[in-house]
Amino acid sequence: MTTDLHHFINGAKIVGTSGRTLGVFNPNTGEVTAKTPLASADEVRAGIASAAGAFPGWAATNPQRRARVMFEFKRLLEDNMDELAEMLSSEHGKVIADSKGDIQRGLEVIEFACGIPHLQKGEFTEGAGPDIDMYSMRQPLGVCAGITPFNFPAMIPMWMFGVAIACGNTFVCKPSEKDPSVPLRLAELFMEAGAPAGVLNVVNGDKEAVDTLLTDPQVEAISFVGSSMIAEYIYATGAAHGKRVQAMGGAKNHAIIMPDADLDRVVDDLIGAGYGSAGERCMALSVAVPVGKETGDRLIEKLIPRVESLKVGLSTDVDADYGPMVTAEQRDKVAGWIDRGVEQGADLLVDGRGFELQGYEDGFFIGGSLFDNVTPDMDIWKEEIFGPVLSVVRAETFEEAAELPSAHQYGNGVAIFTRDGDAARSFASKVNVGMVGINVPIPVPLAYHSFGGWKRSAFGDTNQHGTEGVKFYTKVKTVTSRWPTGLKEGSSFVIPTMK
Ligand code: NAD
């Protein structure tokens, strides 16, 4: 039986009327369990109109009252954690504990959003001139829209709407068509937390919906997370239509392994960060760069048995290391990258292609793969694979290793494993990548810091959440005021200065 999913507009579930739908799979079984309605431009405009209608009232609601909705929403997320995690796993395929991590990371942004009144206070200078005070305020933009990827269906919508709405904006979220049930449920819980109808809307759809958001004059800002080709298109199109845009893209995250590193710990970290969530994370470690032949040989020797013994299982299996991929298409794409690596001469030491889970042969499973002797001229180094595949690129020296992530087209995350403080400090300072881990495999900044990569991993110049997020979702107005007004100076035809 398949469920017909809906949109969530102006506080109500709205049945799609475009006649276009897309199947949502249970990746464990390969069965279609639901249908995502793909909105027409008119249906998207209804979502935008709902947000525009709610904006004046929400922007005028005092910041503390807005924050109270966030406090209540956080409580509801905690109360509904199990239900949300099951829903998430059943459409995405990540294991339940990892789904809880996805929700928890979003919840932490909501916790940050509870304190946003503090960041919106603005600045004040008394006596900036004779009887003159000067102050600035951060005002909300209006209707903001978020377009989100399949791989974090809870965290990434909350990165966006949590900060935008706490700042006084109203929001239209266009989730991934592959797993939209959690974002729809979040919108219901947000209303239950006390948000007025129209403050958060969810419109499901594909390119037609996205293009409507990108071009509608009522949308002031667009936040996007997804693949780089689409991110670049979103940035260019949104900016051409006068919108503020932040668009996060793909990644290729390197781990530099110095000869002095504790290799057992490194292997634990590489296995977790490379294969967790079937590698479908933009911060997955997908390239390991051991420095020196001996480090490389020891690393490979330890990695092989660990990759071979990865437990691939149902998303509901508490003992599974990771579950199925989101769709058969995604799994086949990953298998295609492995084929390409072999064709171009990399050594495939562990081959996850063709893995089947007994009893679930139609599920979208793939085993873990490990490549050695990958070189920078190979496509599997140049491009994002987004699957459970770790590529080892060997380097002779620290300098050679450090150059690899800096030279790559993507610059999302990177990690260095070492006991050498000098090397770590200099690496963190010089590497041309946005988020750096020192003996930390997945350096995802906490909610009160900001998330964002460099180069083709992010278009636009403001990161997600933290103070950067508040800057993105607010505009600064500066007021210069003179009290009392009695002083008579006559007209001045010269620009006012403080000379
Ligand atoms: P995707 O680019 O296919 O889809 C992202 C969103 O864009 C979806 O909502 C989708 O409906 C929409 N979209 C797809 N094609 C479109 C088109 N032609 N025109 C307009 N909109 C379109 O990405 P995905 O497969 O859902 O997610 C995986 C990608 O996201 C990976 O590349 C991953 O690295 C990246 N990602 C990046 C970050 C980050 O913060 N940098 C975080 C998570 C995921």
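This is a predicted model: local features need pLDDT of at least 70, side-chain atom pairs count only at pLDDT 80 or more; totals for chains, interfaces and linings use all residues.
I looked up where the ligand sits: it is in the largest pocket. A pocket here is an open set of points on a 1 Å grid over the protein atoms alone, with protein on both sides within 12 Å along at least five of seven lines.

Residues are numbered from 1 along each chain as its sequence is written, and side-chain values use heavy atoms, with hydrogens and water left out.

I listed the shell next: 27 residues surround the ligand (a heavy atom within 4 Å). The closest are Lys174, Glu177, Ser227, Gly249 and Glu384. Helices α6 (155-166) and α8 (207-215) and strand β11 (219-225) each supply at least two shell residues (DSSP runs, H or I of at least four residues for helices, E of at least two for strands, numbered from the N terminus).

I then checked distances to ligand oxygen atoms. A polar side-chain atom of Lys174 is 2.7 Å from one, and a backbone N or O atom of Phe150 is 3.0 Å from one. For Glu384, a polar side-chain atom lies at 2.6 Å. Taken alone the ligand exposes 850 Å², of which the protein buries 88% (Shrake-Rupley, 1.4 Å probe).

Last, I looked at Ser89, which is in helix α3 (residues 81-92). Ser89 counts as buried (under 20% relative accessible area) because its relative accessibility is 1%. A polar atom of its side chain lies 2.7 Å from the backbone oxygen of Lys94.

Conventions: Buried means under 20% relative accessible area, exposed over 50%, partly exposed in between (1.4 Å probe, protein chains only). A polar contact is a pair of N or O atoms within 3.5 Å; within protein, one must be able to donate a hydrogen and the other to accept it, and residues adjacent in sequence count only if both atoms are side-chain atoms. On a 1 Å grid over the protein atoms alone, a cavity is a set of points where a 1.4 Å probe fits but cannot get out, and a pocket is an open set with protein on both sides within 12 Å along at least five of seven lines; lining residues have an atom within 4 Å of a point. A molecule sits in a cavity or pocket if more than half of its atoms lie within 2 Å of its grid points.
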